[in-house]
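This report looks at ring pairs, a helix contact and charges placed over rings. Please have the structure open while reading.

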Amino acid sequence: MIYSKISNQNSAPFVLPELPYVKEALEPYLTLESFDFHHGKHHNAYVTNLNKFLEENSGYDNMDLESIILKSHKESDAAIFNNAAQVWNHTFFWHSMKPSGGGLPSGAILEQINKDFGSFAEFTNKFKQAGISQFGSGWVWLVYNGDKLEILKTSNADTPITSSLKPIICCDVWEHAYYIDFRNRRPDFLALFIEKLVNWNFASENFDDIS
Ligand code: MN3
C-alpha cells in the first residue's frame with residue numbers, strides 16, 4: 001500500500017487527505033462531531049506538524065511519505081517519525097471503515113482468516129482483545145507476514161510499515177478515537193468497529209495486492 005493510493009498525494013508539503021465518505025456517513029456509531037475532532041483537528045495537526053518539521057530539516061527533501069517514515073524510524077528522528085506515521089496510520093484507518101461496513105468478508109481473505117485463526121469468530125475475538133489490551137495509546141492491525149495473517153498491536157505512532165508486515169486493516173485505539181462517542185468504553189468501540197464499520201472490501205484489495 002503506497003500512500004498515494006489512498007491520498008492522491010505523496011510529497012511534501014502534505015495536505016490533510018479527504019475522508020473516503022462524508023463526515024456523518026458513519027453515524028450513529030461515529031458522529032460528525034467526532035470526525036470534526038479526529039480528522040479535522042487531530043489528523044490535521046499531524047499533517048501541519050509534519051510539514052513544519054520537514055521544512056526545518058533538509059534531509060527529507062523530495063521524499064514520499066513511506067520513505068520519510070522509514071528514514072526517520074531508522075534514524076530515531078522522533079518528531080518527524082511520529083507525525084509522518086500518524087498521518088499514514090490515520091489515512092489507512094479512515095479507509096478501514098465504511099458506511100454499512102462490518103459483516104463477513106468473502107473470497108481469499110475469508111479463507112485465509114479461517115485458516116490462520118480457526119474461524120471468523122475467533123479472529124474477531126482476538127482482534128478486539130488485542131485492542132482492549134493495548135496499554136495506553138496505539139493501534140490494532142490485521143497484517144500479512146507473507147505467509148499468514150496476524151493481529152498486531154502497536155504503541156503510539158508505531159506502524160507495521162517499518163517492518164516487512166503488510167497492513168490489511170487497522171483500528172485506532174488512542175482515547176481520542178472513541179472518547180466523544182463512547183466515553184471510556186474502548187471494548188464497545190472495538191466491538192462496533194468489527195460489527196458495523198470495518199471495510200472488508202478495502203481489506204480484500206490490500207490482501208489481494210500482496211498475497
Ligand atoms: Mn487517532
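## Aromatic pairs

The count of aromatic pairs comes to 19, in what is a predicted model. One of them joins phenylalanine 93 and tryptophan 94, whose rings are tilted, with 5.3 Å centre to centre and 40 degrees between the planes. Phenylalanine 93 has 1% relative accessibility and therefore counts as buried. Tryptophan 94 is also buried, with a relative accessible area of 1%.

Another pair is formed by phenylalanine 123 and tryptophan 200; this pair is edge-to-face, at 5.9 Å centre to centre and 65 degrees between the planes. The pair links distant parts of the chain, since phenylalanine 123 is in helix α6 (residues 120-133) and tryptophan 200 in helix α9 (residues 200-210), 77 residues apart. Phenylalanine 123 counts as buried because its relative accessibility is 0%, and tryptophan 200 counts as buried at 5%.

## Helices α2 and α4

Helix α2 (residues 32-55) and helix α4 (residues 78-95) have axes that come within 8 Å and cross at roughly 145 degrees. Their crossing is left-handed. On the α2 side, the residues making the contact include Phe35, His38, Tyr46, Leu50 and Phe53. On the α4 side, Ile80, Val87, His90, Phe93 and Trp94 are among them. The residues of this contact comprise 13 nonpolar, eight polar and no charged.

## Charges over rings

The charged end of lysine 52 sits over the ring of phenylalanine 53, 4.6 Å from its centre. Lysine 41 lies over the face of phenylalanine 37, at 5.9 Å from the ring centre.

Notes. Residues are numbered from 1 along each chain as its sequence is written. This is a predicted model: local features need pLDDT of at least 70, side-chain atom pairs count only at pLDDT 80 or more; totals for chains, interfaces and linings use all residues. Side-chain values use heavy atoms; hydrogens and water are left out. Axes are lines fitted to C-alpha atoms, for helices over the stretch in contact, and angles run from 0 to 180 degrees between N-to-C directions. Helices (H or I, at least four residues) and strands (E, at least two) are DSSP runs, numbered from the N terminus. A crossing is left-handed if the near helix is turned anticlockwise from the far one by less than a right angle, and right-handed if clockwise. Contact means heavy atoms within 4.5 Å. Ala, Val, Leu, Ile, Met, Phe, Trp, Tyr, Cys and Pro count as nonpolar, Asp, Glu, Lys and Arg as charged, and the others, Gly among them, as polar. Rings of Phe, Tyr and Trp (its six-membered ring) pair if their centres lie within 6.5 Å; planes under 30 degrees apart count as stacked, over 60 as edge-to-face and the rest as tilted. Buried means under 20% relative accessible area, exposed over 50%, partly exposed in between (1.4 Å probe, protein chains only). A charge sits over a ring if NZ of Lys or CZ of Arg is within 6 Å of the ring centre and within 35 degrees of the ring normal.
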